[in-house]
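Me: Could you go through this one with me, strand by strand? I'm still new to reading structures.

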Amino acid sequence: PVASGLDSPRGLAFLPNGTLVVAEAGHGGDVVIPNGPSLGLTGQVSKVNLATGAHTPVVTGLFSGVDPEGGAIGIDGLSTQGGRLLGIMGVFPQAFAGADCAALPNAPSDCSAVMAAARAQAGALMKFTPSGASEQIANVGAHDYQFTVDNPGGSTFGSELDANPYGLLAAPGGTYVADAGANTLDWVSNDGQISVVHRFPVPHPAEPFPSDAVPTCVARAGGHLVVADLAGRIWKVTGSNAALISGPTGDSYTGGNHFTGCVGDGAGNVYVVSMFNGLFPAPNVAQTGSVVKVTSSGDVSTVAGGLVFPNGITAGPDGALYVSVGSISNNGGIVRITL
């Protein structure tokens, strides 16, 4: 362990000066949508002192929501490139289009500010400065939600309309974004133009584990682009095409890895976080996840197990892997895995 006391920690990244930063999706707030999430401005990006474990907020006041099942939505992935720090916000602004503070029971005094932030930030690709300022590059969630409206049928559940930008990889000229709701890999140019690179197919029937592809992360490995998804698959993406490297391919699904974060190395290996192993966890059943190594030929081996709701991963300048754990808890943390 290198840090604790983090509020739903997700993506991780190292700044050029060697400082580790972590995305904290937050714990929602006092604005409660009936039969929906509680909303607030508790999301943030923090820097972590690896020697002491202390963590200090750098960017604060980001949109955060907690759904009725207890999972936080907010800032997820982080990535750096050329001195830039980028973050991606979850869900999509259309989800809050009809929310009206005047119609909410016992709406708090900050309701209007919270709802304005939800509509502005949900689904946004953000650029952060060392001083804590933020700038929106493009709203990927809004674009991808409309993509599912215009291109139905890309879901296990039929014409499900959804978007949830989740993982990202900054690159020269723009940023790749994996959208876990729209099941797409997007390219966002530095001037904010969005295009869909690839839409990932439905992996298996609805039972026993109902899921779309749910692409969650994108990385470089050995010079090529890879995407991992919650269905336990690793894809090599070339141009607009995606070829399966590893994962279940049959007509039935019996359990396995459920990937949420990935990082590659120069040899073509991908280190992937599996949030939990086996089928989707039943209520009140202890379930742990792992980090697995997937080679370019598709061989899979476990690097570390016994991790509680791990989520994001990055490689440090020391050659170790850093993984966020307790990602749906307000007492989450970061662990270092020495290879």
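Me: Which way do strand β25 and β26 pair, and over how many bridges?

Reply: Strand β25 (residues 321-325) and β26 pair in the antiparallel sense over 5 bridges, where strands are DSSP runs of E with at least two residues, numbered from the N terminus, and two strands pair if DSSP finds at least two bridges between them. Within this pairing, L321 stands opposite I337 in β26. The model is a predicted one, in which local features need pLDDT of at least 70, side-chain atom pairs count only at pLDDT 80 or more, and totals for chains, interfaces and linings use all residues. Residues are numbered from 1 along each chain as its sequence is written, and side-chain values use heavy atoms, with hydrogens and water left out.

Me: ok, and what stands opposite G332 in β26?

Reply: That is L6; strand β1 (residues 3-6) pairs with β26 in the antiparallel sense too, over 2 bridges.

Me: Why is β26 largely enclosed?

Reply: Strand β26 (residues 332-337) is largely enclosed by the rest of the structure because 5 of its 6 residues are buried, which means under 20% relative accessible area, while exposed is over 50% and partly exposed in between (1.4 Å probe, protein chains only).

Me: New topic: where is N35, and what is its phi?

Reply: N35 sits in the loop between β4 (31-32) and β5 (38-48), and its phi is near 60°, a positive value in a residue other than glycine. Most residues other than glycine have a negative phi.

Me: Is N35 buried or exposed?

Reply: N35 is exposed, at a relative accessible area of 83%.

Conventions. Helices (H or I, at least four residues) and strands (E, at least two) are DSSP runs, numbered from the N terminus.
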